[in-house]
Amino acid sequence: MASVSAATVEPSSPTGREGRFEGMVRQYSRLISAVVARVGGQATSLFREDIEQQVLIELWRQVDREQRIDHPSSYLYRAAVRETVRVLKRELAREASAAAP
């Protein structure tokens, strides 16, 4: 087995947790966007980026705690649905309280 010397590793290349996180973001960002758009529809159009960022924050917390994610696509799908529904409920409650006499 060949060893990797410090000279062959670029200092800017992410390793460990950061590398896993960045790889998952690259691989699953389209899934997250699609789920948010499908679940939230037009109602979440103003909040889509915020919802997607919250899902990525949740992912980072799992990776940072070195929690194993056995099925990343399922995990991120559920996280995107959960966050979208949470935002929709919050916005509906905000609109209801603003419309109340």
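**Exercise 1. Determine what share of the contacts between residues at least 6 apart in sequence joins residues at least 24 apart, and describe the chain in which they occur.**

Solution. The model under study is a predicted one. Among the contacts of the protein chain between residues at least 6 apart in sequence, 71% join residues at least 24 apart. The elements of the chain are 3 helices and 0 strands, and their order along the sequence reads α-α-α. Of the 101 residues in the chain, 26% are buried.

**Exercise 2. Describe how helices α1 and α2 cross, and state which residues make the contact.**

Solution. Begin with the axes. Those of helix α1 (residues 16-40) and helix α2 (residues 48-64) come within 10 Å of each other and cross at roughly 145 degrees. The crossing of α1 and α2 is right-handed. Next, consider the residues of this contact. Helix α1 contributes, among them, Phe21, Met24, Val25, Ile32 and Val36, while the residues from helix α2 include Ile51, Val55, Leu56, Leu59 and Trp60. Finally, sort the residues of the contact of α1 with α2 by type: 12 are nonpolar, 1 is polar and 6 are charged.

**Exercise 3. Identify the aromatic pair, give its geometry, and classify both partners by accessibility.**

Solution. The count comes to 1 aromatic pair. A pair of aromatic rings is described by the distance of the centres and the angle of the planes. For phenylalanine 21 and tryptophan 60, the centres are 5.2 Å apart and the planes stand at 80 degrees. Since planes over 60 degrees apart count as edge-to-face, the pair of phenylalanine 21 and tryptophan 60 is edge-to-face. Phenylalanine 21 belongs to helix α1 and tryptophan 60 to helix α2, so the pair ties together parts that are 39 residues apart in sequence. As for accessibility, buried means under 20% relative accessible area; phenylalanine 21, at 18%, therefore counts as buried. Tryptophan 60, at 29% relative accessibility, counts as partly exposed.

**Exercise 4. Is threonine 84 buried or exposed, and which residues does it touch?**

Solution. Threonine 84 is located in helix α3 (residues 72-99). Its relative accessible area is 0%, so threonine 84 is buried. Leaving aside residues up to four places away in sequence, threonine 84 touches Val36, Val39, Gly40, Thr44 and Ile51.

**Exercise 5. State the distance in space between valine 85 and glycine 40, and the accessibility of valine 85.**

Solution. Valine 85 lies in helix α3. Valine 85 and glycine 40 are separated by 45 residues in sequence, and their C-alpha atoms are 7.5 Å apart in space. With a relative accessible area of 31%, valine 85 is partly exposed.

**Exercise 6. Locate glutamate 66 and describe its phi angle.**

Solution. Glutamate 66 is found in the loop between α2 and α3. Its phi is near 60 degrees, a positive value in a residue other than glycine. The relative accessible area of glutamate 66 is 56%, and the residue is therefore exposed.

**Exercise 7. Which ring does arginine 90 lie over, and at what distance from the ring centre?**

Solution. Arginine 90 lies over the face of phenylalanine 47. The distance from the ring centre is 5.9 Å.

How values were computed. Residues are numbered from 1 along each chain as its sequence is written. This is a predicted model: local features need pLDDT of at least 70, side-chain atom pairs count only at pLDDT 80 or more; totals for chains, interfaces and linings use all residues. Side-chain values use heavy atoms; hydrogens and water are left out. Helices (H or I, at least four residues) and strands (E, at least two) are DSSP runs, numbered from the N terminus. Buried means under 20% relative accessible area, exposed over 50%, partly exposed in between (1.4 Å probe, protein chains only). Contact means heavy atoms within 4.5 Å. Axes are lines fitted to C-alpha atoms, for helices over the stretch in contact, and angles run from 0 to 180 degrees between N-to-C directions. A crossing is left-handed if the near helix is turned anticlockwise from the far one by less than a right angle, and right-handed if clockwise. Ala, Val, Leu, Ile, Met, Phe, Trp, Tyr, Cys and Pro count as nonpolar, Asp, Glu, Lys and Arg as charged, and the others, Gly among them, as polar. Rings of Phe, Tyr and Trp (its six-membered ring) pair if their centres lie within 6.5 Å; planes under 30 degrees apart count as stacked, over 60 as edge-to-face and the rest as tilted. A charge sits over a ring if NZ of Lys or CZ of Arg is within 6 Å of the ring centre and within 35 degrees of the ring normal.
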